[in-house]
Amino acid sequence: MARSVYVTGIDRGDGRQAVELGVMELLTRQVDRVGVFRPLVHASAPGEPGADHVVELLRGRYRIDLPGTELYGLTYEEAAALQAAQGQDELVSVLIDRFRAVERRCQAVLVLGTDFADTNIPDELAFNARLANEFGAAVLPVVGGHGEDAEAVIAEVRNAHRAYTDLGCETLAMIANRVAPGVKQRVQRTLTEKLPIPAYVIPEEPALAAPTVGQLVEATGAEVLLGDAAGLARDVRGYVFGGAMLPTFLDALTEGALVVTPGDRADLVIGSLAAHAAGAPPIAGVLLTLGQHPGPNVMALAARLAPGTPVAVVPEGSWPTAATLTHLEGKLTAASPRKAEIALGLFELHVDTAELTNRIEVGRSERVTPMMFEHELLERARGERRHVVLPEGTEERVLRAAEILLRRNICDLTLLGEVDAVRRKAASLGIELPQESPGADRAQARIVDPTTSPLRRQFAELYAKLRAHKGMTVELALDLVTDVSYFGTLMVQEGIADGMVSGAVHSTAATIRPAFEVIKTSPGAAIVSSVFFMCLADKVLVYGDCAVNPDPDAQQLADIAIQSAATAAQFGVEPRVAMLSYSTGTSGSGADVDKVRKATELVRELRPDMLVEGPIQYDAAVDPKVAATKLPGSEVAGRATVLIFPDLNTGNNTYKAVQRSAGAVAVGPVLQGLRKPVNDLSRGALVQDIVNTVAITAIQSQDRKGTEQ
């Protein structure tokens with residue numbers, strides 16, 4: 001039977017969607033088949049289950065492949081009619097049957113309790129408690145603290161704990177959510193003292209309460225005239241209603257504000273967009289009232305001034321529009337992935353996730369899915385926070401990855417680039433970069449301009465000393481170290497940063513050449529090489545070398561194999577090494593096969609403890625049936641986890657073929673053999689690829705810290 005967690009509350013407005021997202025994250029780290037079930041849902045049309053925004057977010061984010069209609073029980077209207085006609089026992093019986101249909105196909109199920117908003121359910125708390133007990137689910141109650149003082153929050157949490165306990169529920173922990181930051185510590189201390197189970201206190205986060213421009217457009221029925229998906233995803237952190245003359249109006253603008261002005265005020269439209277383009281300050285967008293569309297010349301100028309910034313129009317005037325806007329709060333939806341990252345970061349920062357996972361008691365799956373592997377990377381990186389430098393500070397994908405890394409508290413970051421340019425780019429994307437704050441308990445970012453940094457001369461002197469044998473002088477180095485790749489590499493060399501990740505817009509050569517010159521190879525490594533972690537549906541394989549060495553000789557190939565096995569072990573993959581060739585065992589001959597055979601012999605001499613087989617064909621390495629025919633009795637054949645390709649042509653093409661044809665997630669390339677971690681990105685890297693590579697770099701730094709000489 002699946003282990004189920006029932007997240008519920010005591011009233012509306014508790015913001016429990018952030019907790020539901022956090023619990024789903026914990027479950028998917030442990031098992032690969034996680035389901036979600038909403039017993040009661042508001043109808044989008046009479047008699048039809050609504051597309052609940054939290055369920056749809058979880059389905060998409062965590063790749064839940066169950067049909068959407070099976071993730072709901074009944075609409076509130078259907079439930080009320082059934083209860084009135086046949087009683088609550090019959091209603092509960094129907095919901096149990098529908099829950100069991102999901103449970104049978106999953107290893108764990110997250111149940112989302114009723115929302116205490118227009119539900120017409122008598123004694124809603126007791127109803128949730130009964131469902132949890134009937135489902136065999138442990139309860140995680142969430143109590144909202146928005147606008148409450150410390151005493152009120154403490155009392156409500158204790159009362160909720162008593163109520164669910166008295167109703168026979170197995171209560172995992174208590175969560176007080178949306179608590180004023182100023183009273184958080186007091187609430188936490190008191191609840192820890194007074195409750196027999198863990199209590200976690202999550203502070204109010206304005207960015208979660210802020211609606212996005214897209215949500216405002218939906219709520220007001222506005223027509224979008226300009227703007228892209230990224231612009232519509234920006235948070236609205238305030239409102240500025242336009243009526244004053246332009247100079248006064250510009251003084252009133254605030255960062256993240258939505259400008260609301262009649263559509264005939266072209267001066268305010270163009271002025272606010274020009275201010276946004278200059279980053280003084282960046283706004284969320286412009287909402288035009290009275291149904292008035294600016295002329296085509298104004299719209300053309302607006303599009304050039306601030307590409308992507310939303311401009312929308314509503315038929316109503318400023319007053320009714322203001323009345324609609326004031327009551328809107330942000331929602332976690334599939335269309336707002338940034339909010340999901342904010343919510344997860346908040347949950348992971350303020351909830352003891354290890355303790356809560358242990359209390360949930362979900363047995364870890366033997367299969368390792370891509371999602372589980374990615375979760376493990378982030379969790380390990382977060383466990384001992386490191387500092388990573390990102391040279392490409394104005395690149396959109398890098399900035400979006402940086403926001404995720406900071407929100408999830410994965411690592412501290414330095415972004416390189418001209419400071420105002422980085423800030424303007426981030427602001428135009430609606431991205432907030434937390435600033436350095438000594439003693440802060442969460443990840444922080446700083447922006448450094450190599451051309452103006454006080455480190456420039458120090459780095460130039462260091463580089464000139466390291467490369468004096470090549471004729472380098474301090475004067476020449478002063479220019480060279482302003483290159484972001486060199487500056488970032490020197491930060492790592494000097495211990496100012498623990499690792500570097502680059503390559504989203506720079507070539508592999510531009511990224512790793514400075515590392516070869518400055519950081520150099522680690523003791524015992526003959527060359528620098530790379531691996532990809534290939535996350536298949538049910539396991540993770542390690543491919544090397546697919547990115548650095550075009551045609552390694554036997555000695556280099558043996559070194560690649562030994563390094564790759566060590567990297568595999570470092571990231572939880574038990575190394576069983578296959579030295580790949582077009583021939584298996586003694587069935588073939590020729591220079592290419594002989595090279596692989598010699599490399600295999602060298603690995604066995606250097607590392608007699610390592611499981612290695614070669615030469616071996618790919619099918620014999622990974623398929624037990626083929627292995628039984630071609631290499632019976634081999635400890636590696638059919639079970640290989642580390643696959644070493646004879647040359648770059650073979651390795652690079654194979655990893656891309658598997659990635660595209662088998663739908664594998666390729667994490668890498670991960671460089672190995674350097675004294676300190678520097679990793680290269682593909683120029684086609686997605687945001688999640690960058691996040692994963694930074695996490696890997698942080699983990700490499702954790703393992704090497706204190707061993708560098």
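Just after helix α9, G221 takes a positive phi of about 65 degrees; helices here (H or I, at least four residues) and strands (E, at least two) are DSSP runs, numbered from the N terminus. Bear in mind that this is a predicted model, where local features need pLDDT of at least 70, side-chain atom pairs count only at pLDDT 80 or more, and totals for chains, interfaces and linings use all residues. Residues are numbered from 1 along each chain as its sequence is written, and side-chain values use heavy atoms, with hydrogens and water left out.

- The buried residues of α9 (residues 213-220) are V213, Q215, L216, V217 and T220, where buried means under 20% relative accessible area with a 1.4 Å probe, protein chains only.
- Their cover includes β10 (223-226), α10 (229-232), β11 (238-241), β12 (257-262), β14 (311-313) and α14 (318-326), with contact meaning heavy atoms within 4.5 Å.
- V213, L216 and V217 turn up again in the lining of the second largest cavity, together with L258, V286, L287 and A312. A cavity is a set of points on a 1 Å grid over the protein atoms alone where a 1.4 Å probe fits but cannot get out, and lining residues have an atom within 4 Å of a point.
- α9 gives the most to this lining, with three residues, and β13 (285-289) also supplies at least two.
- The second largest cavity holds about 50 Å³ of space, a volume being the space filled by probe spheres set on the points, which are joined across faces, edges and corners.
- Its lining divides into seven nonpolar, no polar and no charged residues; Ala, Val, Leu, Ile, Met, Phe, Trp, Tyr, Cys and Pro count as nonpolar, Asp, Glu, Lys and Arg as charged, and the others, Gly among them, as polar.

**The other cavity**

- Thirteen residues line the largest cavity, with D235, R237, G256, A427 and G430 nearest its centre.
- By class, that lining has five nonpolar, two polar and six charged residues.

**The parallel sheet**

- Five strands make an open sheet in the order β17-β16-β15-β18-β25, with parallel pairing; two strands pair if DSSP finds at least two bridges between them.
- β17 (445-448) and β25 (678-680) sit at the edges with a single partner strand each, so one side of each has no neighbour in the sheet.
- From one strand to the next, the twist averages 20 degrees.
- Five of the five residues of β15 are buried, so this strand is largely enclosed by the rest of the structure.
- R386, V388 and L390 point one way from β15, while H387 and V389 point the other way.
- β15 pairs with β16 (residues 411-416) over five bridges, with R386 opposite C411.
- Two bridges join β15 (residues 386-390) to β18 (residues 499-502), and V389 has M500 as its bridge partner there.
- Helix α23 (residues 508-518) lies across β18 and β25, at about 165 degrees to β25; axes are lines fitted to C-alpha atoms, for helices over the stretch in contact, and angles run from 0 to 180 degrees between N-to-C directions.

**The second largest pocket**

- This pocket has a volume of about 1200 Å³; a pocket is an open set with protein on both sides within 12 Å along at least five of seven lines.
- It is lined by 43 residues, with A685, L686, V687, Q688 and D689 nearest its centre.
- α28 gives the most to the lining, with five residues.
- The lining residues divide into 19 nonpolar, ten polar and 14 charged.

Notes: Buried < 20%, exposed > 50% of the residue type's maximum accessible area, 1.4 Å probe, protein only.
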